[in-house]
Amino acid sequence: MRGLSKTLAVLSAAGLLAVSACGNSDDGGGGGDSAASKDVTVFTWWADGGEKAGLDGMVSVFNTDCKDFKFVNSAVAGGAGSNAKQVLANDLQAGKPPSTFQAHAGAELKDYINAGQVDDVSQLYKDYGLDKAFPQNLIDNLTVDGKIYSIPANIHRANVVWANPAVLKKASIDGAKAPASVDAWIADMDKLKAAGVKAPLAISKGFAQEMLVEAVLLADLGADKFSGLWDGKTDWAGADVTAALEKYKKLLTYTNADREAIDWPDALQYVNKGQAGYTLMGDWVAAQQLADKVPDSAYTYWPAPGTSGTFQFLADSFTLPTNGADPDGAKCWLKTVGSAEGQKAFNTKKGSIPARSDAQPADYPKYQQGAMADWKSNKIVPSCAHGAACTLGQNNDILSALSQFSGSPDVAKLQTALGNAMKTS
Ligand code: GAL
């Protein structure tokens with residue numbers, strides 16, 4: 001634990017950490033080893049707002065079901081793990097893993113598997129009956145060479161636009177209906193500008209820009225060609241990719257000037273406060289609105305323009321790190337994560353839908369009820385920004401290309417950089 005605690009202390013001093021590793025009885029020295037060995041350090045980036053509310057829900061079930069163990073919160077603030085992932089990498093590298101950590105199902109998980117940093121938990125699937133509880137396609141996403149390396153907590157949707165109907169009304173736009181295409185959305189943004197909304201599309205740094213570019217590619221290329229961008233079947237150099245990136249360039253001209261300085265909850269506030277009409281963000285926004293008690297009537301949401309009928313997914317899952325401090329405690333956390341009760345307590349607050357197939361829609365808020373229906377009926381495509389389709393290394397390359405583009409937009413340069421990013425591992 002010392003490596004993690006030390007890194008957290010450095011981040012905390014730098015003002016990057018919203019939640020400290022509270023109740024960390026092995027830090028003060030006097031606690032004694034036996035008490036310390038019962039701590040379960042859970043590493044996530046769910047430090048505030050709706051994300052923390054979701055985590056708290058899971059913890060409440062853990063506290064009831066795992067009385068021998070004490071939850072220790074090792075959350076590092078920053079949307080999509082923008083600070084957390086580096087802290088985690090350092091601690092894993094130093095051989096100081098937390099008891100368990102959050103990782104996305106798919107390519108991102110493979111990074112940790114290939115580095116030998118997570119253990120096979122296939123036996124836990126059998127012990128806890130999870131091989132029957134989760135849909136097979138999700139289990140396949142978590143499986144490498146016949147072994148399963150994490151337990152999924154949820155399914156999130158990435159391709160969602162959140163809008164303020166009162167702002168749209170100023171330009172006589174009907175907030176209840178999604179524009180049919182990216183071009184139609186751009187036309188609405190022109191109307192909003194003409195009605196005095198200076199930056200109709202609120203956006204934040206890093207991964208939010210990646211989500212927007214993914215949504216435009218999905219709309220323009222369609223589900224199959226879009227999926228092919230990540231598995232090598234679609235040519236990044238194609239004219240259709242160029243055309244989509246031109247639209248992305250145009251969309252950025254409708255966004256707030258401070259986009260490189262803010263995180264996704266700030267962009268959402270621009271919408272809630274009526275300074276912007278839209279923000280594109282995953283459905284953790286539903287959790288944030290719930291936590292902030294924003295009334296249902298104050299906002300609306302639909303699939304990103306041109307992507308209706310497609311559910312772009314990502315899944316948070318939890319791991320059993322190799323040589324973790326207290327594997328029994330970690331296993332009890334994993335049991336909670338996979339349980340019907342744990343998934344319900346977490347997902348009703350987190351904006352996501354349960355990964356288990358046996359959940360009852362009636363137990364969930366309205367947003368998740370719709371998402372559950374779409375998950376069943378829509379075409380499913382993966383998110384790159386949230387690790388379903390892309391590795392950590394690929395994402396880092398994409399993020400640096402997008403931040404350069406934000407400063408000086410050059411479509412040809414961006415197209416080459418994105419293609420090159422997907423050639424690396
Ligand atoms: C994603 C994560 C979500 C949510 C989001 C914003 O990567 O899967 O659960 O936390 O980041 O921070």
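Which residues in helix 3 meet which residues in helix 14? In this predicted model, Gly 49, Gly 50 and Glu 51 of helix 3 meet Trp 284, Ala 287, Gln 288 and Ala 291 of helix 14.

**Helix 3 and helix 14**
- Helix 3, which spans residues 49–65, packs against helix 14, residues 284–291, at an angle of about 90°, and their axes are 7 Å apart.
- Angles of 65 to 115 degrees count as roughly perpendicular, and helix 3 and helix 14 are therefore roughly perpendicular to each other.
- Sorted by class, the contact of helix 3 with helix 14 holds three nonpolar, three polar and one charged residues.

- An oxygen atom of the ligand lies 2.5 Å from an N or O atom in the side chain of Asp 316, and an oxygen atom of the ligand lies 2.7 Å from an N or O atom in the side chain of His 386.
- Taken alone, the ligand exposes 300 Å², and the protein buries 100% of that.

**Helix 15 and helix 16**
- Helix 15 (residues 327–338) and helix 16 (residues 340–350) pack at an angle of about 70°, with axes 5 Å apart, which makes helix 15 roughly perpendicular to helix 16.
- Thr 336, Val 337 and Gly 338 of helix 15 make this contact with Ala 340, Gly 342 and Gln 343 of helix 16.
- By class, the contact of helix 15 with helix 16 has two nonpolar, four polar and no charged residues.

Terms used. Residues numbered from 1 in each chain as written. Predicted model: local features only at pLDDT ≥ 70, side-chain atom pairs only at ≥ 80, totals over all residues. Heavy atoms only, no water. Axes fitted to C-alpha atoms, helices over the stretch in contact; angles between N-to-C directions. Helix = DSSP H or I, 4+ residues; strand = E, 2+ residues; numbered from the N terminus. Parallel < 35°, antiparallel > 145°, perpendicular 65-115°, else oblique. Contact = heavy atoms within 4.5 Å. Nonpolar A, V, L, I, M, F, W, Y, C, P; charged D, E, K, R; others polar. Polar contact = N/O pair within 3.5 Å; in protein donor to acceptor, adjacent residues only side chain to side chain. Areas by Shrake-Rupley, 256 points an atom, 1.4 Å probe, with all protein chains shown as cover.
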